Amino acid sequence: MTTGAFLHPYAKPTRAADTYTRIVRGDGARVYDDHGNEYIDGMASLWYANVGYGQRSITDAVASQMNNIAAYHCFEPFSNEPAEAISQRLAGYAPFENGRVFLTSSGSEAVDSAMKLARIAHVRAGNPQRNVIVTRGRAYHGVTYGGLSAQGLPANQEGFGPFVEGIINIAADDIEAMASYMAEHGHTVAAIMTEPVQGAAGVYPPSDGYLEGLRRLCDQHGAFLIFDEVICAFGRLGAWFGAQRFGVTPDLITFAKAVTSGYIPLGGVIMNERVSAPLESDATWMLRHGHTYSGHPTACAAALANLDIIDEQNLLERAPAIGARLFDGFAALQRDGIIREIRSDRAIAATVLAEGLDAFAVRDTLLASGVITRAVNPETLTWCPPLVITDSEIDRIVDGLAVALRT
Ligand SMILES: Cc1ncc(COP(=O)(O)O)c(C=O)c1O
């Protein structure tokens with residue numbers, strides 16, 4: 001029993017290599033391990049495989065781009081057609097006009113970019129004192145230092161300090177606390193950042209009026225509103241963005257994950273003119289921010305083909321039906337007393353297990369029975385299936401959970 005060289009992310013470094021489940025293949029909402037076992041993927045891998053696995057149009061688009069050129073950077077003076085096309089397309093889906101898009105390779109980089117863009121836009125607009133980023137309790141914003149510092153999940157931060165300065169975290173649903181912070185310090189705030197539905201903490205939809213309240217406070221105090229939509233975007237909530245799902249329009253939107261459904265990593269930030277105009281106000285000024293792979297053409301080609309599938313298969317419309325079927329199944333288990341609480345919105349959900357049940361043990365029992373879920377803490381399992389999942393596959397998830405909870 002050895003660990004092997006691979007140091008796994010979010011894992012115990014002592015875990016033996018041969019105790020991991022090695023996924024080798026996927027098709028639709030199902031994946032297969034190296035022993036040939038089949039699993040219904042209740043988590044779209046890690047909240048990202050919205051179009052499911054084995055989509056040939058994406059792999060063809062990737063191969064075709066790679067056969068021309070796999071990558072070439074986009075720092076001035078270079079560009080490429082897929083990066084321009086995906087930016088245009090994402091700006092078209094955004095809930096505001098004339099959006100501009102900055103590209104990254106991950107959600108964490110997208111969050112860091114949004115924080116930096118918010119700060120620099122205020123600087124360029126002549127308001128350098130606006131540098132505070134306000135975030136919420138329970139927030140998950142990734143693991144690079146910007147996003148980690150912005151998190152509202154202290155366990156993830158333990159031992160990694162010191163953190164980025166100028167970040168304030170306020171209790172998750174407390175609009176009064178947010179309002180009083182803004183009343184006192186609003187003139188120093190660059191942006192308030194929130195996930196529309198808080199995902200990794202255990203799926204917390206916003207309380208009624210909360211997102212509207214944040215928008216109002218940002219407008220009153222001249223701050224930007226950032227929606228971190230790394231999980232919420234591209235159909236998970238039945239719309240291109242959570243912004244449209246909740247009818248609240250932010251100034252910046254971060255995205256990653258389902259923009260390619262994970263076929264190739266890609267992320268980024270969409271911003272409105274309030275943010276982009278100050279960056280464009282001086283023709284001699286240069287944005288000194290960019291990743292080697294900002295605008296990676298193969299990743300962008302994957303994204304374009306992925307969005308085609310979401311479009312052509314009407315996956316935005318499928319999300320509410322998936323959510324309803326899952327919810328009905330979970331609600332029956334709640335009536336039986338083996339689930340304590342269900343939190344959900346459209347095709348994302350969390351089930352809080354009855355007292356005495358251990359979510360990590362239930363996750364392992366489920367895995368052995370061919371259903372994948374994620375235990376985000378000892379009492380909570382999360383659900384976020386590919387949007388191509390069939391009704392009978394959803395039923396297999398619910399039936400599997402019912403059996404696992406009773407064993
Ligand atoms: C809302 C949110 N922001 C940022 C991230 C970080 O993304 P990544 O893991 O791609 O860096 C995640 C990842 O789950 C996320 O859910």
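## Domain contact and the open sheet

In this predicted model, 24 residues of domain 1 are in contact with 22 residues of domain 2, contact meaning that the C-beta atoms, placed from the backbone, lie within 7 Å. Of the elements on the side of domain 1 that touches domain 2, α12 gives the most, with 4 residues. The residues of this side divide into 15 nonpolar, 6 polar and 3 charged; Ala, Val, Leu, Ile, Met, Phe, Trp, Tyr, Cys and Pro count as nonpolar, Asp, Glu, Lys and Arg as charged, and the others, Gly among them, as polar. Domain 1 comprises 17-54 + 314-406 and domain 2 comprises 58-312, with bounds from an automatic or database domain assignment. Their C-alpha centres lie 27 Å apart.

Residues are numbered from 1 along each chain as its sequence is written. Because the model is predicted, local features need pLDDT of at least 70 and side-chain atom pairs count only at pLDDT 80 or more, whereas totals for chains, interfaces and linings use all residues.

An open sheet of mixed pairing contains 7 strands in the order β4-β10-β9-β8-β7-β5-β6. Helices (H or I, at least four residues) and strands (E, at least two) are DSSP runs numbered from the N terminus, and two strands pair if DSSP finds at least two bridges between them. β4 (100-104) and β6 (167-170) stand at the edges with a single partner strand each, so one side of each lacks a neighbour in the sheet. β4 pairs with β10 (residues 267-271) in the antiparallel sense over 5 bridges.

Two helices pack on the sheet, with angles running from 0 to 180 degrees between N-to-C directions of axes fitted to C-alpha atoms, for helices over the stretch in contact.

| Helix | Strands touched | Angle |
|---|---|---|
| α3 (residues 81-93) | β4 and β10 | about 125° with β4 |
| α7 (residues 175-185) | β5, β6 and β7 | about 150° with β6 |
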